[in-house]
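Welcome, and thanks for taking a look at this protein with us. Please have the sequence and the 3D view at hand as you read on.

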Amino acid sequence: MRINKNYDMEIDLRDLFFELLYKWRSLVAAALIGAVLLAGLQYYSVSSTHAKGKQTKEEKQFEIDLENYRDSVKNAQNNIRTYNKLIKEKNDYLEQSVYMTLDSQNVWSAAKRFYIKMDQSVLDALPQGIQEDPADYVASVYTSTLKTNLDEAEMEALLGTGKREYIDELVTIGSDNASNTITVRVYGPDEATVASQLDYFVDRMETVCQPMAQEVGAHTLTLVGENVNARTDSNLSAKQDEINKQIAGWQKALKDQREELNELEGKKEPSAPGMHLVRYGVIGFLLGAILLAAIYLVKYVAAKKLRSGRELNDRFGVQVLGEYAHSRARRPGKGLDRLFEKWEFKHAVADPKVVEANLGALMTERFAGRKLLLTGTCAQQKLDALAGSLRGRMPGACEIAAKGDILVNADAISAVKDADAVILVEEKHASRIADIERAAELLIISEADVGGSIVL
């Protein structure tokens, strides 16, 4: 026998796990106490806050979150309506505007240019030194009255639209004050169409507008230029592209807003905080169990008790002859404890009769005819029970004596000297390593022949 002073204590995590598992009753009790305490504390905190006519932080935050949520939903709904309206307006415009339906690569244009010649009597009547040209006023009458009070049905038949904003895109009239000319221009899909439309507005200018213009100043209109041609209308093309891009951008924004609204509606309104007793109860349950488990862990490490037979061999150089399945269950073989025992000892010999039979056979072979002493830090009662069992397994093979509590039992030391061989007996989860070390020192001093060990 020897004492390994360099031995470092190891913690078997599996053994530690079962140490805690067998204490499930106290862990559950601690968890329940923690749940009740934390839930009760939360109830008291909220109740006392309400009693003062105040709101808890969670309730204040809830009101903020609820308002933000409703604002977000309202904004998303408003944005959806806005984008739908914008898209509809632009699509309606593209459908109803005759100008926008034209092929920008082949737009026909017909125009006539007229010179305004003021009568000499008008010019002679002007005050001396006046720089204003009366033809400018006459031109403004033509430009302002040509498309005024148009018959909607007549325009629908002629231009394809009776709406003024769409007529303005197809028919234009402009004046050049420097040259005293006015130009009427019409846009359309083909030569015949623009020619007939231009004739209509020239006729209207001469029959409807000219009498009003004559009241401003006597004059005559002279045709000085006309043309009909087809060309690429870059303005129309750019406008069509711009509108299509606008619609595409609004459609994407509309899609994003719908997704955002769906996400908000999926989340639903924030729930009122309440007291959260269940949540605090769960947290208290876990904290209570964890706190007690931590205490048990500290006690497990600080106790420095024998945890397996391997420690006797590694620390003291004593071969383990037999190791019993030592249950730490509060109620061995019953309820959950029974399941835990099966789990812990599924790879070990758990039947004590089998262990005793193996011990009897081994000790008969090794110690036949010799005087054996069972000793250690275990109580005398446990060693007597073990000695009785072994005598029954190996009758007459050898003489077996038992002396427990070796650290305080003087008879044990005397018995060591009288024995031919000593068997060290210790109990898992009960015998302290420091006590076993002291017992080992006593056996070494007594020059005992330690033939092995048994772990209860």
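Let us begin where helix H5 starts: there, a side-chain oxygen of Asp133 comes to within 3.0 Å of the backbone nitrogen of Ala135. Keep in mind that this is a predicted model.

Helix H5 itself covers residues 134-145, which makes 12 residues. From its first C-alpha to its last, H5 reaches 17 Å, close to the 16 Å expected at 1.5 Å a residue. Which residues of H5 are buried? They are Pro134, Ala135, Val138, Ala139, Val141, Tyr142 and Thr145. These residues are on the same side of H5, because they cover an arc of only 150° around the axis. As a reminder, an α-helix has 3.6 residues a turn, so residues three or four places apart point the same way. The buried residues of H5 pack against several elements, including strand E1 (107-118), helix H4 (120-124) and helix H8 (191-216). Strands E2 (171-176), E3 (181-188) and E4 (219-231) are also packing partners of these buried residues.

Next, please find the open sheet of five strands, whose order is E5-E9-E8-E6-E7 with parallel pairing. Strand E5 (320-323) and strand E7 (399-403) are the edge strands, each pairing on one side only. From one strand to the next, the twist averages 20°. Helix H14 (residues 380-393) packs on this sheet, where it touches strand E6 (371-375), E7, E8 and E9. The direction of H14 makes about 170° with that of E7.

Strand E9 (residues 450-455) deserves a moment of its own. Strand E8 (residues 421-426) runs parallel to E9 and is joined to it by five bridges; in this pairing, Ile423 has Gly452 of E9 as its bridge partner. E5 also runs parallel to E9, with three bridges between them, and here the bridge partner of Gly322 is Ile454 of E9. Is E9 enclosed or open to the outside? Six of its six residues are buried, so E9 is largely enclosed by the rest of the structure.

Arg315 lies in helix H11 (residues 309-316). With a relative accessible area of 7%, Arg315 is buried, since the cut-off for buried is under 20%. Its contacts beyond four places in sequence are Arg2, Ile3, Asn4, Tyr7, Met9, Ile433 and Glu437.

Glu269, in turn, sits in the loop between helix H9 (234-267) and helix H10 (277-303). Glu269 has 40% relative accessibility and therefore counts as partly exposed. Leaving aside residues up to four places away in sequence, Glu269 touches Leu66, Tyr69 and Arg70. Val73 is 196 residues away from Glu269 along the chain, yet their C-alpha atoms are separated by 9.9 Å.

Each of these two residues makes a polar contact through its side chain, as listed here.

| Residue | Side-chain partner | Polar contact |
|---|---|---|
| Glu269 | Arg70 | 3.0 Å |
| Arg315 | Glu437 | 3.2 Å |

Methods: Residues are numbered from 1 along each chain as its sequence is written. This is a predicted model: local features need pLDDT of at least 70, side-chain atom pairs count only at pLDDT 80 or more; totals for chains, interfaces and linings use all residues. Side-chain values use heavy atoms; hydrogens and water are left out. Helices (H or I, at least four residues) and strands (E, at least two) are DSSP runs, numbered from the N terminus. The expected span of a helix is 1.5 Å times one less than its number of residues. Buried means under 20% relative accessible area, exposed over 50%, partly exposed in between (1.4 Å probe, protein chains only). The arc is that of the directions from the helix axis to the C-beta atoms. Contact means heavy atoms within 4.5 Å. A polar contact is a pair of N or O atoms within 3.5 Å; within protein, one must be able to donate a hydrogen and the other to accept it, and residues adjacent in sequence count only if both atoms are side-chain atoms. Two strands pair if DSSP finds at least two bridges between them. Axes are lines fitted to C-alpha atoms, for helices over the stretch in contact, and angles run from 0 to 180 degrees between N-to-C directions.
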